[in-house]
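Please open the model in a viewer and keep the selection panel at hand.

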Amino acid sequence: MTLTATNDRNTVSDVQPTPGTGAAGLVAREVCAWFSGRLVLEGVTLAMPRSTVTALIGPSGCGKSTFLRILNRMHELVPGAQLAGSVELDGTDIYAGRLRATDTRRNIGMVFQKPNPFPAMSIYDNVLSGLKFSRISVSDRDALVEVSLTKAGLWNEVKNRMRELGGALSGGQQQRLCIARALAVEPRVLLMDEPCSALDPTSTARIEQTIADIADEVTVVIVTHNMQQAQRVSDVCAFFLAAENEPGRIIEAGPTDVIFGSPTDERTSDYVHGRFG
Amino acid sequence: MAIATETVGPGRAPLTPATIRNDRRKGDRVFRGFARGTGYATLVLLFLIGLFLFIEGWPAIHVAGWHFFTTSGFQTIGKTKHFGVEASLYGTVVVALVALAVGTPVAIATALFLTEYAPRRLRPFMIAVVDLAAAIPSVIYGLWAIYELQPNVVGISGWMSRHLSWIPIFKVATPQVNASLFIAGLVVGIMIVPIIASVTREVFSLTPPGEKEGALALGATRSAMIRRVVLPFGRGGMISAVMLGMGRALGETIAVVIILSESFFISPHILQSGGTTVAQLIAVHFGQGGRLGTQALLFAGLVLFAVTLAINLAASAIVSRSRSGAGVDL
Ligand SMILES: Nc1ncnc2c1ncn2[C@@H]1O[C@H](COP(=O)(O)OP(=O)(O)OP(=O)(O)O)[C@@H](O)[C@H]1O
Ligand SMILES: [Mg+2]
């Protein structure tokens, strides 16, 4: 079955399942994806257990970003994009129509490869932007801002510049601001698409530290091209590969030390040891 | 040692900025000269038009003095001379404001629809249709308005005058509600929709996709994303588009001439029949008032020219001050 979502409005809104709190597990089953009728991802099944860090690795163009964007319903925003399969957030299929797309995205946050803070909003407002979008009110905004920025490892650098614009930060700071912004809505899962690819080693280390710190309260799924990073931050690792003119598939998935130490598939072994890709 | 390294000392700091010499090539120079020449020519032309209006119109000011701005009417022949642009200026502003009040929301909604909501395949077609609406001659709008729009709108005007008369501008002193400044403004408002819509659409479509995705990924609905990302980004562009539309509305002539029945009476009741604008004054009375009449109209033209120019300059200043037509730093 192919699901075609043309917009993000939901038709079934009478049932509002109360999304729980705290980290939640994600399970993707038989996920396929198309762009303008071209199959780019086929039969991806992967469990991303609660409170763990899952790393998605694989060569460029094998569908990691596409898969990640299917996990929080961002894929359907691309014109001409289609998908099939199911994604369960703690047992609730996010594509079954019981959860709104907007609620899904609030529960499953996302950090993009290129930092995208709102440049015309202050740092403070950037952190609270997710709450404003969803019209959620909080009793103590200042505390929430501080907690979120602290979790993202940015608080000390910006605590005296709250009113400055989000665009006035360095790239690494902007990326951490985006993480703080995503954490402020208390997502249950956080998806990160190569969050460090534009950053220097210090900022990268900070963000890796952040990931380790938040992993208890939010399940993390991270795409990375950096094998050391995958080894450092993740508990579970999934290796994607797309053969020439074929859609991407998962070749092997499992505990990170197994994937890096004793993978069963030769292609995985070649990739993690830098022999191709 | 295979590679000789030469150490470069700190040297003396230069005290004056260096002049960078560009040896431009001939084609480059010619093109530059041409572009610069036409640019200046336009400025010179603008200046000459203003100068011409001033010189030719000045004798009328010599007769009327400052009263030119505080008198309403056009009597330039005979013993008692009584002419000025007060009511016309007032009417011009009223028509432009009504036009903006009506046209701006429609135009911005249209632009948002075209950039954010229209089905992708129909989009180019719809954009072409909206742009085409800007190419319809204003005389057509005028004729359409008097035969189609006005008969349908007088009912609304009447209703407003009866039920909203506690708002002073919607009060009427006479029961006649056709041929009013309001209806003239309505037509002009419809005419400026495509202008405002196409400028704002261009700006909206420049909104960085990353920011839009960022908002949506935080759980924003499409409308919340538009309010918090697209509209703030497009603010500068919207302001300048509105000012462009206003420049057009201030000078609109033929559609106003067709709709508005001339009256030099300044009334705050915009729904009631009668009014005048500067453009209408010139178009209707040209060649009627003798030599003095022509001079008076030329000076009225100068006034209109100055107002429109000022508005357009302000608009372009706003656009060039903000990033890509958007207004973060306004
Ligand atoms: N918007 C799009 N329109 C059409 N095709 C797309 C689009 N986005 C991605 N694709 C295609 O889908 C396939 C998977 O792309 P994806 O971005 O998921 O790869 P990736 O694994 O994230 O690569 P990278 O490591 O370079 O980011 C590629 O073949 C790509 O060309
Ligand atoms: Mg990618």
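## The salt bridge between the chains

Begin by selecting A:Arg69 and B:Glu213, which form a salt bridge with their closest N and O atoms 2.7 Å apart; a salt bridge is here a side-chain nitrogen of Lys or Arg within 4 Å of a carboxyl oxygen of Asp or Glu. The rule finds 1 salt bridge across the interface of chain A and chain B. The model is a predicted one, in which local features need pLDDT of at least 70, side-chain atom pairs count only at pLDDT 80 or more, and totals for chains, interfaces and linings use all residues. Residues are numbered from 1 along each chain as its sequence is written, chains are lettered from A and ligands numbered from 1 in the order in which they are written, and side-chain values use heavy atoms, with hydrogens and water left out.

## The side of chain A that touches chain B

Next, select helix 2 (101-107), strand 6 (108-111), helix 3 (123-133) and helix 6 (171-184) of chain A: each supplies at least two residues of the side that touches chain B. Helices (H or I, at least four residues) and strands (E, at least two) are DSSP runs, numbered from the N terminus. Helix 3 of chain A gives the most to this side, with 4 residues.

Now widen the selection to the whole contact (heavy atoms within 4.5 Å), which takes 28 residues from chain A and 19 residues from chain B. The two chains bury about 1,900 Å² between them, 65% of it on carbon and sulfur atoms; buried area is the accessible area (1.4 Å probe) that two parts lose on being put together, summed over both.

## Ligand 1

Move to ligand 1 and select the residues around it, near meaning that a heavy atom lies within 4 Å. There are 13 such residues, the closest being A:Ser60, A:Lys64, A:Ser65, A:Thr66 and A:His225.

Which elements give two or more residues to this shell? They are strand 2 (38-48) and helix 1 (64-71) of chain A, and helix 1 of chain A provides the largest share, 3 residues.

Finally, display the distances to oxygen atoms of ligand 1. An N or O atom in the side chain of A:Ser60 is 2.5 Å from one such oxygen atom. For A:Thr66, a polar side-chain atom lies 2.5 Å from an oxygen atom of the ligand, whereas at A:Gly61 a polar backbone atom is 2.8 Å from a ligand oxygen atom.

How values were computed: Polar contact = N/O pair within 3.5 Å; in protein donor to acceptor, adjacent residues only side chain to side chain.
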